[in-house]
Every structure is written in structure tokens, then in C-alpha cells.
Amino acid sequence: MAWRAIGGEGALAITPLLAGVQLANAVAMALPLTACSLLVVRDVGFGSHPEWLIAYDASLFSPSFAAVLFGLLSDCVPMGRRDALTRRCSRMRWVMLGMAGAGGCLGPFASGAVRSPLPLFAFGIGGAVFVAITGSALEGVMVERGRELAEERFAADPLAGARFRAAVQALDYQVRGVGALLGYGGSALVLARFPPRAAIGAGAACYALAIVLASAYASVLARQTTPALEPASAGAPSADADDAAGATARARAAGAPPALSLIHISEPTRRT
């Protein structure tokens, strides 16, 4: 029962904008895959060269092995001013960069410019790199989101906080899984009536939608940035002011003028 309650609260970590980013990105990744495979076999001619097809498929998976490095890149190289952006907002900018690059690499496939092995490998591997950057940065956003809310809601119960973070991650995987299913299903529907380049163009459009949602979410994060603290002089009185006020009060009680007491309060009493 407690796990269900924590899991329900975990759904609060994924706001509608963030869920839209995850869903649109997953759809954009899955929608053009089958269409790109058809173009590789038909237009480039890898159907008669299985060794080239295997090499191309292996090259598309190679950037995923460097996902840890891409995650360190989004963590250690902030995009934007450090004093104005939170780390999560910086990661969202990396997400937008990755999605823009992945969508841009789909352009040559949709336009028919990829008809030889060289542009195929160039744009295919480039798109895979940008997809890996997007996935690493977006996963970092979700991990930090879950950690922040866990510390806020379950500060006194570390075990409940760990369960909450696990619930956030599980919900993240579910949203991405639903997006992938929608992408593969949409690909089958599009390919049944339209040429493969239409599915690739639809994938690029999904990346554009995800970028718009990510930009809106980054704007929300920027507005949530903690404002700078005001100077101490504008709020509570300083220690010097307290000492001066106390010295003035003591001087008035002794019958001396306030101005003279502030100047000579620390001088030793002269002997007559």
C-alpha cells in the first residue's frame, strides 16, 4: 500500500511538459527506423552487400557505448550562464541540442540525398551520436528531478526517498516505452500508404515538437531559479549599527550627549 502511494507521488515528478518531451522524443526515434532501413536497402544498394549492411547497423549502435561520456559532458559542460541556470536547465539545453542534431541528420534521408555509402555513414552515425546525447542528458534530468523531490518530500525517511526515486525512474521508462510503441505503430501505418521518406519526415517533425516542449520546460526551470540574496544592509541591521545604538542608549542613561558618547565611549576616564 505504501509502495502504491509512493509510486503515485512519483507521477508528480514528470510534469506534462517533461512527459511530452519524453514521449515526442521516443516517437521520433522509433518512427523513421524502418523507413531508413528500407532506403538503405533500396537506394544505397546494401541489399546485395550484406557485409556493408552489418557494418552500418553496428556503427549505429557504437555511440550508445559512450553514453557515460555523453552524460559527463552534459554534467560538466553547462550550456548558458552558471549564475542564471540550474543544472537541470543546462541539461535541457543539451537535450534540445541533441534533438536538433538528430532531426537535422534525418533531413538528407527524407530529401533523397543519401544514395551512396559515404553520406549514409556520415549522417547515420551523426544521428546516432545526437540520439545518445539526448538520451543521456534527458535521463540526467529525470534522475535529478527524482532526487530533488525525494529530498523535499522524504527528508526524514531515506528508504521512502529511495523508493520514490525508483518510482520516478520506472515511470520514465514507461513513458519512453509507450512512445516507442506509438512510433513503431505509426511507422507501419505511414509506410502502408506513403513512401518511406514520409515516415522519415514525420520523425523529424516529432523532433521539432519535442524541441518546442523542451524549450518551454527550460523556460519554466529558468523562472524557478533561486534569486540572489539581498545585501545585509537592506534587511536586518548590521552588527555595527547594533553596537552604536547600544552605546547611544547607555550614554543617554548616564546623562552624556549622544554624539560625544559615540566618539569617546572607548576612551579611558581621565583622572582629575
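Colleague: Why does glutamate 151 count as partly exposed?

Modeller: In this predicted model, glutamate 151 has a relative accessibility of 49%, and since a residue is called buried under 20% and exposed over 50%, a value in between makes glutamate 151 partly exposed. The residue is found in helix α7, and its C-alpha atom is separated by 9.8 Å from that of arginine 165, which is 14 residues apart from it along the chain.

Colleague: What makes methionine 79 partly exposed?

Modeller: Its relative accessible area is 27%, and because buried means under 20% and exposed means over 50%, methionine 79 belongs to the class in between and is partly exposed. Methionine 79 is found in the loop between α5 (67-76) and α6; cysteine 89 is ten residues apart from it in sequence and 8.5 Å apart in space, taken from C-alpha to C-alpha.

Colleague: And is alanine 160 buried or exposed, and how do you know?

Modeller: Alanine 160 has 8% relative accessibility, and the limit for buried is under 20%, so alanine 160 counts as buried. Its place is in helix α8, and the C-alpha atoms of alanine 160 and alanine 150, ten residues apart along the chain, are separated by 8.1 Å. For the chain as a whole, 36% of the 272 residues count as buried.

Colleague: How do you know that the span of α2 agrees with what its 15 residues should give?

Modeller: The expected span is 1.5 Å times one less than the number of residues, so the 15 residues of α2 should span 21 Å, and because its end C-alpha atoms are 21 Å apart, the two values agree. Within α2, the buried residues are Leu18, Gly20, Val21, Gln22, Ala24, Asn25, Ala26, Val27, Ala28 and Ala30.

Colleague: Which residues touch the most other members of the largest nonpolar core?

Modeller: Of the 48 residues in that core, they are Phe46, Tyr56, Met92, Met99, Phe109, Leu120 and Ile200. At least two residues of the core are supplied by each of α2, α3, α6, α7, α8 and α9 (196-223), and α7 gives the most to the core, with ten residues.

Colleague: With which residues is phenylalanine 109 in contact, leaving aside its neighbours within four places in sequence?

Modeller: Phenylalanine 109 is in contact with Cys36, Leu39, Tyr56, Val114, Leu120, Phe123, Gly124, Arg197 and Ile200. Tyr56, Leu120 and Ile200 are also among the core residues that touch the most other members. Across the chain, 79% of the contacts with a separation of 6 or more are between residues 24 or more positions apart.

Technical notes. Residues numbered from 1 in each chain as written. Predicted model: local features only at pLDDT ≥ 70, side-chain atom pairs only at ≥ 80, totals over all residues. Heavy atoms only, no water. Helix = DSSP H or I, 4+ residues; strand = E, 2+ residues; numbered from the N terminus. Buried < 20%, exposed > 50% of the residue type's maximum accessible area, 1.4 Å probe, protein only. Core = buried A, V, L, I, M, F, W, Y, C linked by side-chain atoms within 4.5 Å. Contact = heavy atoms within 4.5 Å.
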